[in-house]
Amino acid sequence: MEDQLLYHTLDYLFVIFHFSLIAFNLTGWIWQKTRRLHLYVISATIFSWVGLGFFYGWGYCPCTDWHWQIKRKLGETDLPISYIKYYLDQFFWFSWDPLVVDILVAGLGVGAFLISFVVNFRKEKDSLMS
C-alpha cells in the first residue's frame with residue numbers, strides 16, 4: 001500500500017517535471033535570462049536522443065525510461081516508446097502514428113536547438129561589436 005502511494009506520487013512528479021522540461025526545451029530560448037541554460041538543456045536533450053540513442057534506441061530519453069519503470073510498477077502495460085505519443089493518445093483518445101509523433105518531436109527539438117544556438121551566439125557577436 002505504501003509502495004503504491006510512493007509510485008503514484010513519483011508518477012505525478014514525473015508528469016510535472018517532464019512536461020516542464022519539454023516546455024522549457026520549446027520556449028527557454030525566448031527569454032534572455034534563460035537562453036544560455038536553454039542551450040545547455042536542449043543540447044543535453046538532443047545528445048540523449050542521438051548519443052544515448054545509439055546505445056538504447058534513437059530518441060532515447062532517461063526521463064521517459066524512469067517514468068515508464070514507475071508506470072509499470074503501477075500496472076500499466078503496452079507503453080509506447082515515445083512519452084509525447086503516450087500523452088497525445090491520452091489527451092485525444094486515439095492512437096497517433098508513432099512516426100508522425102517522432103517527426104514532429106524531432107523537428108520541434110532541432111528547431112528549438114537552432115533558434116537557441118542563433119540567439120545565444122548572435123547576442124555575443126552583437127555585444128562584441130558594441
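Mentor: Helix axes are lines fitted to C-alpha atoms over the stretch in contact, and the angle between two of them runs from 0 to 180 degrees between N-to-C directions. With that in mind, please note that the model before us is predicted.

Trainee: What makes α1 and α3 roughly antiparallel to each other?

Mentor: The axes of α1, residues 2–27, and α3, residues 62–73, cross at roughly 150 degrees and come within 9 Å. Angles over 145 degrees count as roughly antiparallel, and therefore α1 and α3 are described in that way.

Trainee: Which hand does the crossing of α1 past α3 have?

Mentor: The crossing is left-handed. On the α1 side, the contact is made by Gln4, Tyr7, Leu10, Asp11, Phe14, Val15, Phe17, His18 and Leu21. On the α3 side, Cys63, Thr64, Trp66, His67, Ile70, Lys71 and Lys73 take part. By class, the residues of this contact are nine nonpolar, four polar and three charged.

Trainee: Why does His18 count as buried?

Mentor: The relative accessibility of His18 is 4%. The cut-off for buried is under 20%, so His18 counts as buried.

Trainee: Where is His18 found, and what does His18 touch beyond residues up to four places away in sequence?

Mentor: His18 lies in helix α1. With those sequence neighbours set aside, His18 touches Cys61, Cys63, Thr64 and Tyr83. Among these, Cys63 and Thr64 belong to the α3 side of the contact with α1, and Tyr83 is one of the buried residues of α4.

Trainee: Which other residues of α4 are buried?

Mentor: Helix α4 covers residues 83–92, and besides Tyr83 its buried residues are Lys85, Tyr86, Tyr87, Leu88 and Asp89.

Trainee: How many helices and strands does the protein chain have?

Mentor: The chain has five helices and zero strands, and from the N terminus on its elements run α-α-α-α-α. Of its 130 residues, 30% are buried. Its C-alpha atoms fill a box of roughly 60 × 35 × 30 Å along the principal axes.

Notes. Residues numbered from 1 in each chain as written. Predicted model: local features only at pLDDT ≥ 70, side-chain atom pairs only at ≥ 80, totals over all residues. Heavy atoms only, no water. Helix = DSSP H or I, 4+ residues; strand = E, 2+ residues; numbered from the N terminus. Parallel < 35°, antiparallel > 145°, perpendicular 65-115°, else oblique. Left-handed = near helix turned anticlockwise from the far one by under 90°. Contact = heavy atoms within 4.5 Å. Nonpolar A, V, L, I, M, F, W, Y, C, P; charged D, E, K, R; others polar. Buried < 20%, exposed > 50% of the residue type's maximum accessible area, 1.4 Å probe, protein only.
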